[in-house]
Structure formats: structure tokens, C-alpha cells
Amino acid sequence: MSSMFGLSRLTREQRRLWKIGGGVILAGTAFKFTYFQFSRNLIVDDMEDRHLRATAKLKESREFAKWAQKDREQKLPPLTEEQRKQLHRYLELVAEQQPQVYPQRTPQRKP
């Protein structure tokens, strides 16, 4: 095998240097691989923890939103027809004044 790579033509010192260089490259590669795996595991574990915390917070927020909606509905009486018309008109006026914020639906014409 050494003749295939031309190592047999090198002097003893040159072969020793090549072996040291190859060992440094192999050790560096092994270190980088190990460090990458370690870093990756830390990142993945942290992301899993963050995901679990975020999922729990989301569930808590949704439960609170349901409770708040029920609470609001219990405290407020339903709108009368007149109030409903006034609210609808107000929303139309706001949409006319701020079309970039409240885009209006354009009525489709029938041919």
C-alpha cells in the first residue's frame, strides 16, 4: 500500500511528517465531528424544551381566551337591532376613511 501512494520513496523523516500530518487531520476531523454532534444535541434539546413551553403557553392562552369570551358574553347584553345598524354604519365609515387598513369588498356585477 505504501508503494501505491509513493511513501516508499520518501525518507524516514518525511514519512514521519506525513504520519503526523495525517494524524492531525484525523484528530481534527474526529474533534469537529464530535463537537458538531454535541452542539447539535444541545440545540435540538433546547428547541424541544422551547417547543414544549410554547405549546403549554399556547394552550393556556387559548383556555384564557375561551374563558374571557364567555365572561364578556355573560356581562354584556346582546345588541339591539338599532345598535347593530349603528355599528355596521360606523364600520362602513371607518372602512371608507381608511381603505388601506380596512379594504372594502367591491360588489360583483351580474352580466
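Colleague: Which residues form the negative surface patch?

Modeller: Asp 45, Asp 46, Glu 48 and Asp 49 form it. Asp and Glu count as negative, Lys and Arg as positive, while His and the chain ends are not counted. Keep in mind that this is a predicted model, where local features need pLDDT of at least 70 and side-chain atom pairs count only at pLDDT 80 or more, but totals for chains, interfaces and linings use all residues. Numbering starts from 1 along each chain as its sequence is written, and side-chain values use heavy atoms, with hydrogens and water left out.

Colleague: What makes a group of residues a patch?

Modeller: Each residue needs over 30% relative accessible area and no salt bridge; like charges are joined within 9 Å, and nonpolar side chains (Val, Leu, Ile, Met, Phe, Trp, Tyr) within 5 Å. A salt bridge means a side-chain nitrogen of Lys or Arg within 4 Å of a carboxyl oxygen of Asp or Glu. The charge is placed at NZ of Lys, CZ of Arg, CG of Asp or CD of Glu.

Colleague: Why does Asp 49 count as partly exposed?

Modeller: Buried is under 20% relative accessible area, exposed is over 50%, and partly exposed is in between (1.4 Å probe, protein chains only). Asp 49 has 40% relative accessibility, so it counts as partly exposed. Asp 49 sits in helix H1, residues 12–75. Helices are DSSP runs of H or I with at least four residues, strands are runs of E with at least two, and both are numbered from the N terminus.

Colleague: What makes up the nonpolar surface patch?

Modeller: Phe 31, Tyr 35, Phe 38 and Leu 42 make it, at about 490 Å². Areas like that come from the Shrake-Rupley method with a 1.4 Å probe; for residues, only the protein chains shown count as cover. Phe 31 is exposed because its relative accessible area is 57%.

Colleague: How many aromatic pairs are there?

Modeller: Two. Phe 31 and Tyr 35 are stacked, with 6.2 Å centre to centre and 15° between the planes. Rings of Phe, Tyr and Trp (its six-membered ring) pair if their centres lie within 6.5 Å; planes under 30 degrees apart are stacked, over 60 edge-to-face, and the rest tilted.

Colleague: What is the angle between the planes of Phe 64 and Trp 67?

Modeller: It's 35°, with 5.6 Å centre to centre, and the pair is tilted. Phe 64 and Trp 67 are three residues apart in helix H1, so about one helical turn separates them.
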